[in-house]
Amino acid sequence: MKSYSTLFLFTFCIFLNYQISAQKLNEIQVIGSHNSYKSKMAPELLEYLSKVNPAASNSLAYAHIPLESQLDMGLRNLELDVFHDPQGGRYSNPKGLEIIKAAGGKIPDYDPTHALAKPGLKLFHVQDLDFQSHYLLFADALKALKNWSEQHPNHTPIFILINAKDGNIPGTQEVLPFSSSALDSIDLEIRTHLGMDHLITPDMVKGEFPNLETAVLAGNWPELEDVRGKFLFVLDENEEKIDRYLLAKPDLKDAVLFVNKKEGNPTAGFRIINNAKKDEAYIRALVEKGYLIRTRADSDTKEARSEDYSTFEKAKASGAQVISTDYYMPSTFFKSNYKVIFESNEYERPNPVLVKNPKYSFIF
């Protein structure tokens, strides 16, 4: 009898282990960073902005540690802003340097390798003002991510949002628009510097289904164990810009980027819904249907200044798979204990909406 009991327990353990290992990509919840590349602005620039636009100055009073250090901590979501600069040199001499100099400040060594002079997509926040970045070339950031990933080949997939910045601001360097071909250059740089072997693509999720949304609604996200060591990229943009990208990648065939298309579109699969307070029920409903969702725990430094966790609590409860924050560590700009992390003191966990017993574990 004892041998039968032992055999039953052993078989049950194998079954349970399979159930855990068969967890799908959409059945996790991770915390990551917003404007992840951003390093600290010169204090003279923040002071200048506080006089001409106090709200903007407050909203920019945050910075991040290097991308690899964030991943070392356990963050599994990044956000990267790219600027089109095929000739190079367009942003080499930011006007903010004049403001720093006029205020008697020290000119930062913002581009020690002259990366801004080189052709290719640039990586920073706001032209001329918030121009300091841990990686000024998108290509260099991708190479760093590839290197980190290959040193940690079993890592949970990393979700990366891409903003294609082409908004002009009065008094600053005019930016180049993201045409269809310019948007396609984002794909090209990712393919070149990160490599297809490191990617989760729309085609991979679509499989044999007629389109991506049909596959998503059928639960065709890959199993987590099959996509460890990989990255999933999303174009976080408006409908017009997404449609330009789709001109280059019709139906997302051979695309690197998922797109923020509203449900009901054949290319829908990953949604950006940033107001978890207002949209908690909406997010939860989409998560239950099969979509991947990104939302935010905080924005513009407001929650951190007031130490208000209510948005983060709604984000967690919504089941949004990706929760973005500027405060995986407390602020170094103002006094606050605000810090976004799960109760387990980690930055990833089973999805509380889709995994019914997220606290259940079994030791083998």
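Student: What sits over the ring of Phe333?
Tutor: The charged end of Lys40 does, 5.0 Å from the ring centre. Bear in mind that this is a predicted model.
Student: And which residue lies over the face of Phe312?
Tutor: Lys316, at 4.6 Å from the centre of that ring.
Student: OK, ring against ring now. How many aromatic pairs are there?
Tutor: The count comes to 11, with ring centres within 6.5 Å as the cut-off. Take Phe83 and Phe124: their ring centres are 4.2 Å apart and the planes meet at 10 degrees, so this pair is stacked.
Student: Why stacked?
Tutor: Because planes under 30 degrees apart count as stacked, and these two are at 10 degrees.
Student: Where do Phe83 and Phe124 lie?
Tutor: Phe83 is in strand β2, residues 77-83. Phe124 is in the loop between β3 (122-123) and α6 (138-151). The two parts are 41 residues apart in sequence, so the pair ties them together.
Student: Is Phe83 buried or exposed? What about Phe124, buried or exposed?
Tutor: Phe83 is buried, at 1% relative accessible area. Phe124 is buried too, at 2%.
Student: Which residues form an aromatic cluster?
Tutor: Tyr309, Tyr327, Phe334 and Tyr338 form one.
Student: Switching to sheets. What is the strand order in the one with β2?
Tutor: β3-β2-β4-β5-β6. That is an open sheet of 5 strands with mixed pairing. The edges are β3 and β6 (257-259), each pairing on one side only.
Student: How do β4 and β5 run, parallel or antiparallel?
Tutor: Parallel, with 5 bridges joining β4 (residues 158-164) to β5 (residues 231-235). Across that pairing, Leu161 stands opposite Val234.
Student: Which helix lies across β4, β5 and β6?
Tutor: α10, residues 239-248. Its direction is at about 135 degrees to β6.
Student: And the sheet with β9? What's the order there?
Tutor: β7-β8-β9-β1-β10, again open, with 5 strands and mixed pairing. β7 (270-272) and β10 (348-350) are the edge strands. On average, neighbouring strands in this sheet are turned by 20 degrees against each other, ignoring direction.
Student: What packs on the sheet there, touching β7 and β8?
Tutor: Helix α11, residues 276-289. Its direction makes about 165 degrees with that of β8.
Student: Back to β9. How many bridges does it have with β1?
Tutor: 4, in the parallel sense; β1 covers residues 28-33. In this pairing Ile31 stands opposite Ile323, and Ser33 faces Thr325.
Student: And how many bridges join β8 to β9?
Tutor: 3, with β8 (residues 292-296) running parallel to β9. Here Arg296 stands opposite Ser324.
Student: Are the faces of β9 covered or open?
Tutor: Both are covered. Val322 and Ser324 are buried on one side of the strand (residues 322-325), and Ile323 and Thr325 are buried on the other.
Student: Remind me, what holds paired strands together in general?
Tutor: Strands of a sheet pair through backbone hydrogen bonds, in either the parallel or the antiparallel sense.

Definitions and conventions: Residues numbered from 1 in each chain as written. Predicted model: local features only at pLDDT ≥ 70, side-chain atom pairs only at ≥ 80, totals over all residues. Heavy atoms only, no water. Phe/Tyr/Trp six-rings, centres within 6.5 Å; stacked < 30°, edge-to-face > 60°. Buried < 20%, exposed > 50% of the residue type's maximum accessible area, 1.4 Å probe, protein only. Lys NZ or Arg CZ within 6 Å of the ring centre and 35° of its normal. Pairing = 2+ DSSP bridges. Contact = heavy atoms within 4.5 Å. Axes fitted to C-alpha atoms, helices over the stretch in contact; angles between N-to-C directions.
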